[in-house]
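I keep these notes for someone opening this structure for the first time. Each entry records what I looked up and what I found.

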Amino acid sequence: MNFKYDVLVIGGGHAGCEAAVAAANIGAKTCLVTMDMNKIAQMSCNPAVGGIAKGQIVREIDALGGEMGRVTDATAIQFRMLNRSKGPAVWSPRAQCDREKYIWQWRTVLDATPNLDIWQDQASELIVENGRAVGIKTVWGVELRAGSVVITAGTFLNGLMHIGRHKLPGGRIAEPAVVGFTESITSHGIRSARMKTGTPVRIDRRSVHFEDMEIQEGEMDFHQFSFMGNHRVLKQLPCWTCYTNKEAHAALLKGLPDSPLYNGQIQSIGPRYCPSVETKLMTFPDKEQHPLFLEPEGESTNEMYLNGFSSSMPMEVQLEALKKIPALKDVKIYRPGYAIEYDFFDPTQLEHTLESKVIEGLYFAGQVNGTTGYEEAAGQGMIAGANAALKSSGGGEFILHRDEAYIGVLIDDLVTKGVDEPYRMFTSRAEYRILLRQDDADARLTEKAYDIGLAKKDRYDWWMQKKEYIDRIIEFCKNAPVKPREVNAFLESIGTTPLREGCKIFDLIARPQINMANLSEISSQLKELLDAAPNRKEEITEAAEIKMKYKGYIEREKIIADKMHRLENIKIRGRFKYSEMLQLSTEARQKLEKIDPETLAQASRIPGVSPSDINVMLVLLGR
């Protein structure tokens with residue numbers, strides 16, 4: 001076997017899978033190195049994809065030519081569009097998946113990807129020559145060489161699991177930790193630190209009293225993750241909700257002295273937005289209950305995931321607390337919740353391509369950059385894999401900006417601000433939310449990805465067909481007249497003001513009570529046009545409606561984004577000696593020296609760099 005590649009990807013989780021496929025699709029000869037080929041893209045925590053802002057990232061991955069959306073659609077056992085009561089800027093798709101089928105669907109994708117090999121082994125040493133990453137050595141003595149190396153090791157680097165006072169090395173339950181690889185990387189000047197995350201108890205559904213829970217059904221409309229994939233094919237299953245109570249809280253608080261989070265056993269910082277149940281009790285002592293969501297792990301398994309009950313308390317404490325909840329009074333579990341500590345690397349030492357500033361040709365993606373979540377990992381994996389492939393062939397860079405993608409916001413936040421806790425994406429982190437909707441990810445990204453070979457021709461052709469039809473619908477609505485006598489009875493019936501004079505259909509769309517569906521009932525021409533859509537007509541109709549209904553907001557936000565692009569175009573790296581710039585605040589000098597921003601816009605987003613500091617640099621640049 002020839003162990004020379006263009007790109008090596010170390011780690012077969014969500015980041016690693018997308019990185020490997022991205023690199024291979026661009027044309028790089030790629031090898032994915034994973035410890036267990038039977039646990040590719042394992043859902044270590046919740047068997048779900050998407051959610052608030054995370055769903056937008058998955059849509060972006062799909063638009064770029066990635067696979068997470070298609071794999072999710074193929075294995076979804078429940079789908080919901082979150083935030084429907086709000087505007088489309090924050091609509092967020094989420095799907096519950098069959099955990100085992102998800103793994104094997106990913107294996108099918110990887111096995112069918114040209115230019116991609118899989119090697120089952122464990123990395124032990126990074127090979128660096130003349131300041132450039134050129135390969136790895138493995139625990140089995142194999143040496144793999146490549147033009148670029150992507151590290152996507154998840155929680156495995158010096159992983160340490162905690163259940164009460166019991167500690168056990170591991171990257172996941174029943175899987176070994178990777179020892180020594182971190183030290184091989186940090187020996188070259190890359191900074192590392194420790195983070196913590198956790199996962200809840202797994203429950204046997206046969207022991208649950210569902211009559212004491214509230215059912216939560218999924219949705220069966222046209223929405224899904226992939227712009228290309230098939231609609232949901234598996235049996236759709238409900239989730240269930242209930243609450244903790246005072247008795248459960250008392251049981252947990254009694255066990256607090258044995259909690260590794262509170263007895264000093266765990267020193268690292270956990271995720272603020274996905275706290276353990278014991279952290280909830282300490283942070284919100286006045287709350288008498290917290291919601292729990294019981295979610296199926298698959299079509300045919302009895303295993304269920306108790307979302308909201310992440311814990312590293314002793315096993316007996318977890319069980320005692322669970323049995324105080326009426327629906328779980330006879331609960332049987334497959335395994336308790338646990339916490340895990342692991343190594344990550346300082347993301348401020350990365351470029352926006354996710355290439356290391358310290359070692360050329362070395363890329364990092366996923367939890368090793370201090371993030372949490374499958375979606376955040378996969379999004380980084382795509383960018384790292386694409387850039388690693390371009391680097392190995394002497395190509396350019398592939399960077400997404402903050403007004404182009406949530407993935408761009410994610411990466412810019414990481415490399416500009418760094419992390420002091422596991423980073424999770426929210427819609428509130430993006431300043432251009434109306435531009436970064438889940439419905440228009442293909443409009444933003446597919447052509448850009450096609451230009452570098454990341455998205456394939458079938459995806460590009462479908463987008464061009466869709467774009468053409470959206471434009472046809474909008475053009476028709478701009479020119480199609482409506483008269484008061486034709487529509488006033490309808491307008492009054494839906495509670496909106498009747499017309500005094502004629503207008504175009506486009507002018508009616510802006511009204512909140514009106515949508516394309518009810519308009520098509522009074523315009524036979526519009527109905528014919530919508531029904532003649534070439535494929536996925538509901539998706540095309542929705543995209544056209546949103547573009548028309550929110551036209552003013554979209555145009556205003558584009559103007560703001562364009563203004564910021566002027567600062568993005570002002571390159572400053574290498575033009576200042578920040579330590580000598582006494583006109584800047586001390587904090588600004590220290591932060592700018594540490595981050596070494598590429599552009600003035602990036603400098604403006606560094607915490608501690610004020611608008612007056614930016615003005616000083618603008619003046620000096622003018623000189």
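Where does Thr599 lie? Before answering, I note that the model is predicted, and I read every entry below with that in mind.

**Entry on Thr599**

I found Thr599 in the loop that runs between helix 19 (586-595) and helix 20 (600-604). I then looked up its accessibility, and because the relative accessibility is 5%, Thr599 counts as buried, the cut-off for buried being under 20%. Setting aside neighbours within four places in sequence, I listed the contacts of Thr599 as Leu567, Glu568, Ile570, Lys571 and Ile572. With one of these, Glu568, the side chain of Thr599 forms a polar contact of 3.3 Å.

**Entry on helix 13**

In helix 13, which covers residues 484-493, I noted Val487, Asn488, Phe490 and Leu491 as buried. What do the buried residues of helix 13 pack against? I found strand 20 (481-482), helix 14 (505-509) and helix 15 (516-520) as their partners. Just after helix 13 I came to Gly495, whose phi is positive, at about 80°.

**Entry on helices 12 and 17**

Last, I looked at how helix 12 (residues 457-479) packs with helix 17 (residues 537-549), and I recorded an angle of about 50° with the axes 9 Å apart. Because of that angle, helix 12 is oblique to helix 17. The crossing in which helix 12 passes helix 17 is right-handed. On the side of helix 12, the contact is made by Trp462, Lys466, Tyr469, Ile470, Asp471, Ile473, Ile474 and Cys477, while helix 17 contributes Glu539, Ile540, Ala543, Ala544, Lys547 and Met548. How do the residues of this contact between helix 12 and helix 17 divide? I wrote down 10 nonpolar and 4 charged residues, with no polar ones.

Conventions. Residues are numbered from 1 along each chain as its sequence is written. This is a predicted model: local features need pLDDT of at least 70, side-chain atom pairs count only at pLDDT 80 or more; totals for chains, interfaces and linings use all residues. Side-chain values use heavy atoms; hydrogens and water are left out. Axes are lines fitted to C-alpha atoms, for helices over the stretch in contact, and angles run from 0 to 180 degrees between N-to-C directions. Helices (H or I, at least four residues) and strands (E, at least two) are DSSP runs, numbered from the N terminus. Angles under 35 degrees count as roughly parallel, over 145 as roughly antiparallel, 65 to 115 as roughly perpendicular and the rest as oblique. A crossing is left-handed if the near helix is turned anticlockwise from the far one by less than a right angle, and right-handed if clockwise. Contact means heavy atoms within 4.5 Å. Ala, Val, Leu, Ile, Met, Phe, Trp, Tyr, Cys and Pro count as nonpolar, Asp, Glu, Lys and Arg as charged, and the others, Gly among them, as polar. Buried means under 20% relative accessible area, exposed over 50%, partly exposed in between (1.4 Å probe, protein chains only). A polar contact is a pair of N or O atoms within 3.5 Å; within protein, one must be able to donate a hydrogen and the other to accept it, and residues adjacent in sequence count only if both atoms are side-chain atoms.
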